[in-house]
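Let's go through some of the labels used for this structure and check each one against its cut-off.

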Amino acid sequence: MDDIQEGKDFSFPKEEERILAFWSEIDAFKTQLKLTEGKPEYIFYDGPPFATGLPHYGHILAGTIKDVVTRHQTMRGHHVTRRFGWDCHGLPVEYEIDTTYNIKSRQDVLDMGIDKYNGLCQSIVTKYVKEWEQVVTRTGRWIDFQNDYKTMDLAFMESVWWVFGRLFEKGLVYRGFKVMPYSTGCKTPLSNFEAGLNYKDVPDPAVMVSFPVVDDSDGAALVAWTTTPWTLPSNLALCVNPNLTYVKVRESVSKAVYIVAESRLSQLPGSKSSKVIEKFPGSKLKGLRYVPLFEYFSECSDVAFRVVADNYVTEDSGTGVVHCAPAFGEDDYRVCVENGIIKKGDDLVVAVDGEGRFKEKVTDFAGRYVKDVDKEIVSTVKARRLVSTGTITHSYPFCWRSETPLIYMAVPSWFVAVEKIKDQLLECNKQTYWVPDYVKEKRFHNWLENARDWVISRSRFWGTPLPIWVSEDGLETVVMDSVEKLEKLSGTKVTDLHRHNIDHITIPSSRGSQYGVLRRVDDVFDCWFESGSMPYAYIHYPFENVELFEKNFPGHFIAEGLDQTRGWFYTLMVLSTALFGKPAFRNLICNGLVLAEDGKKMSKRLKNYPSPMEVIGDYGADALRLYLINSPVVRAEPLRFKKEGVYSVVKDVFLPWYNAYRFLIQNAKRLEVEGLAPFSPLDVAALLKSSNVLDQWINSATGSLVSFVRQEMDAYRLYTVVPYLLKFIDNLTNIYVRFNRKRLKGRTGEEDCRVSLSTLYHVLLTTCKAMAPFTPFFTEVLYQNLRKVSDGSEESIHYCSFPSTTGQRDERIEQSVTRMMTVIDLARNIRERHNKPLKSPLKEMVVVHPDNDFLEDITGKLKEYVMEEMNVKSVVPCNDQLKYASLRAEPNFSVLGKRLGRNMGVVAKKVKEMSLDDFLAFEKSGEVVISGHSLKLSDIKVVRQFKRPDNVSENEIDAAGDGDVLVILDLRADESLFEAGLAREVVNRIQKLRKKAGLEPTDLVEVFIKPHDADKESLEKILNSQVQYITDALGSPLLPHTLASPKAVIVCQEEYTDVCGKSFAISIAKHTVVFGDTLIAAACSGNEEHAEAIRVYLLSRDLPRLKYEVQSGNGKIKVDCLDSYPPVELQVGKHFFLNVGESYLSTA
């Protein structure tokens, strides 16, 4: 394995760029797809974005979710096709062309030519494709851009036609009316998006009009309020709220009797002096008939001119009575259909033409522009029924193109009859799995439950044309569900389905030539219909890939934002239910909105967020991926994006992970530096038999990590994985690596060193494989180095299978190690409280816990780790909770509060009153009934309060607990501990000096100490008594300064004064060969010149290489390279030593 950098020098972004180049070189994504061919398919649908804008964090978030899931499923043994898709049609494209070319009206497009207009639209569809590919690729997402799908492709559009054809066959398509924002200046309906582009504050008339109730005993009239008098001639109904209270009042002057909502009575002229005759709920008014204001629609009298009720009527304005003109209001149209005043699908008489002028039906105002006759209509009403008139200034939408006021008008449209299949939709929704589930159960369910028929047509140009050909008399309709059918019926070759290529195509009437020809209707599909058809159209079903589709439908997985509950998720569900009686997908992850740090929407204009590429350039894509995945946004909640949060991921996850990996590499390389055989990881099966408790623990913990990731990914809960990983990495570095330093550094023998290094190797390799879908770059960096010592490994980590759990998990040892860390943390807290640094040894720690298995572990297998970490001389177990603590019970409010509600206070009081016997009996049985409520162990907390022995102060013995385990430390000074404390202080100074000198663990150095004269005798005595600890801690003996060779290269040295009352100097020098001078001379037959030549030669040798040669020669080396001198065989430990330490230990 190659040497690696320190964590502070490791550039995550640069390494990611290197990995991108590597993936490109080996064609990694395509190779992965090829390697998984023939495996079970995992079908993923990628919702198509528009390429007319640049990708933002919302796209990166959804893309990351999709990439994590699809990478994971590939590693789980699936073939996962991932094709990028582009939404090419619709308003965003047309809007950009209209603004660029100053197109103001529908006629402008016709004058330009639909062919030229569509050509301009097509030219910008792929405007930012390269930028998209760059950003998506840089984030680490693997998806096929070369084999992408576009909604403007012939194959895609043909499948859309097929979908529509099946719906038509099933009787789920009809022509009706949709009330839409309408521009009289451009003579075209607008989308809601366009309608919101240009609001202005304008004055409009505000009038109250009376509608006499037929056969009312008091001669009462309902009073309605409106700001659009021009709609009054088309009035067909009045609407009230059934749940509001209404009053019948008599006006004191005119004696007129009016009916209005009680809460709006104050708005009625003369209301203060009016007398209330009667009060009643709005529901009582439903069905009353009234005298129409105008006679233009008298033919509708049988069903119209009556009162209906609906909750859309509010009491925040008007009179609580709304006049309904179904041709000019969305709610007006809906309530009139629901109450049988008009019929859905029938021709609706719209009294206004495309230019906003009244038709002949409104005889008094025919040919006049509606907004121009408001005053005249008010004058006409004044003579008949006007209650009051005034002016209101309000915000009103204007056409962004023509600057004319918009009107809302019923436009002929094509509908999918969603309401017919509502029950099926609700049933299909039950068959899907969502994360989070509340979006499915509440938001989406409610949307389906209140679903209305879906308008799928748009009066536009750039889109998939509706495949409907209609005869001139309207009696014959033919729907094309394929290109072949159109070619066959028309006799015309078709190569493109856009309007300019098919609008001219006619079809002969099946009734004979005398009936003329059928022509296509003008409309195109709403682009949501196209995206809802994506599961079929992206693979050109049913014209191709029939087996692939039918074996794997519904698709396995989709993911998009919360806004898609009323968009793509909905259209997918409607079309699949209508076509097949199935949902389109099985599993769905719904993400929330990524906001700027201040909680506002991200805005390019405000520049209130850092660009994605800036963040990736600073911290890397993996850090951004984990930051997003680990946030509330994956649970459909909003995320306030903070760049600092991405840095925290680097700091808290990647650097500790990298440092554990770096420690492995350093110590694996150390074996070679020391002349031992290169590192080769031992077999996993052998490692699972290790007797070392921390090996057993980390192997079990790694198995738990793999099981957890598998379990959570099966449940599509991505957001739970990162916290678990964070804890695992923390445990790996702060428990396994930290507590195993001696073993990993070879200080417990080569065999034990190789076992611990191999264990760490396999843990890191397994972790990388489990986390590869989440952090594809970082895991690849580590894997490419780790695989160099593993035969038969895959070329990329992303070709590997997801790891299986090896061996049995040992839950007991996992729990014991967790508790051990709790014990250490509690003991550390006690030390900090009393200002007792870890370097100061303490005599005794008592661990109190009722679980004998744990006590056996903490004072057996784990004892040495606790003693060394906390620097205590003994650990004493105690299972008698009452010896050192008093117990009392506390209710677990966070658990019980929601369950008990108002009974919480009574139960809490009785829990706190539990006696010791009550509590011990409860602990034994695991259940107790209090005030009729059954409480389990999780409902009641044990509070253990330390009971200090008599005549002992807090400064002498203190304790800390967490409700589970109690730790007691004896803090009293003990002279016998002084020597151990001083030894720790010396080691601490040496380690800091090594770090200050920039030394690596693999650097071959020796440490010398020179006590000040006054401390010489006492310090040497103390250090001699602690020689084993010092040698273990340093990995080599601490040497007297008198042994330093005059030829030694001093790396660093420093003076220390008053360390536990002692002063000394430390020197660190490079290893140097030491000679047994008389023996070398003897080996040279007494030839001193020959002996000196050998000394010079050995001193010039590279020590690691010399050590390797010595070990290869079983401790011997032959010097036969000196001219004029015969060969001499030398033995290490006799004729020479590889360093001063070895020489020193040989005589000690």
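This is a predicted model: local features need pLDDT of at least 70, side-chain atom pairs count only at pLDDT 80 or more; totals for chains, interfaces and linings use all residues.

Q: What makes Glu985 and Arg989 a salt bridge?

A: Their closest N and O atoms are 2.6 Å apart, and the cut-off is within 4 Å, so the pair qualifies. Both sit in helix 36 (residues 978–996), 4 residues apart, which is about one turn of the helix. Arg989 comes out as partly exposed, because its relative accessible area is 21% and that label covers the range between 20% and 50%.

Q: How do you know that Glu427 and Lys430 are about one helical turn apart?

A: They are 3 residues apart in helix 12 (residues 422–430), so about one turn separates them. As for cover, Lys430 is exposed because its relative accessible area is 58%, with the cut-off at over 50%. Glu427, with 40%, is partly exposed.

Q: What makes the Arg138 and Glu17 pair a link between distant parts of the chain?

A: The salt bridge itself has its closest N and O atoms 3.2 Å apart. Arg138 is in helix 7 (residues 129–138) and Glu17 in helix 1 (residues 12–26), 121 residues apart. Arg138 is buried, because its relative accessibility is 6%, while Glu17 has 44% and so counts as partly exposed.

Q: Why is the pair of Trp434 and Phe585 called edge-to-face?

A: A search for aromatic pairs gives 57 in the structure. For Trp434 and Phe585 the ring centres are 6.1 Å apart and the planes are at 65°; pairing needs centres within 6.5 Å, and edge-to-face needs over 60 degrees, so both tests are passed. Trp434 lies in strand 15 (residues 433–435) and Phe585 in strand 24 (residues 585–591), so the pair ties together parts 151 residues apart in sequence. Trp434 is buried because its relative accessibility is 2%, and Phe585, at 0%, is buried too.

Q: And what makes Phe525 and Phe529 stacked?

A: Their planes are 10° apart, with 4.6 Å centre to centre; stacked means under 30 degrees, so the name holds. Both are buried.

Q: How do you know that the length of helix 27 agrees with its residue count?

A: At 1.5 Å a residue, its 22 residues (750–771) should span 32 Å, and the end C-alpha atoms are 31 Å apart, so the two agree.

How values were computed. Residues are numbered from 1 along each chain as its sequence is written. Side-chain values use heavy atoms; hydrogens and water are left out. Helices (H or I, at least four residues) and strands (E, at least two) are DSSP runs, numbered from the N terminus. The expected span of a helix is 1.5 Å times one less than its number of residues. Rings of Phe, Tyr and Trp (its six-membered ring) pair if their centres lie within 6.5 Å; planes under 30 degrees apart count as stacked, over 60 as edge-to-face and the rest as tilted. Buried means under 20% relative accessible area, exposed over 50%, partly exposed in between (1.4 Å probe, protein chains only). A salt bridge is a side-chain nitrogen of Lys or Arg within 4 Å of a carboxyl oxygen of Asp or Glu.
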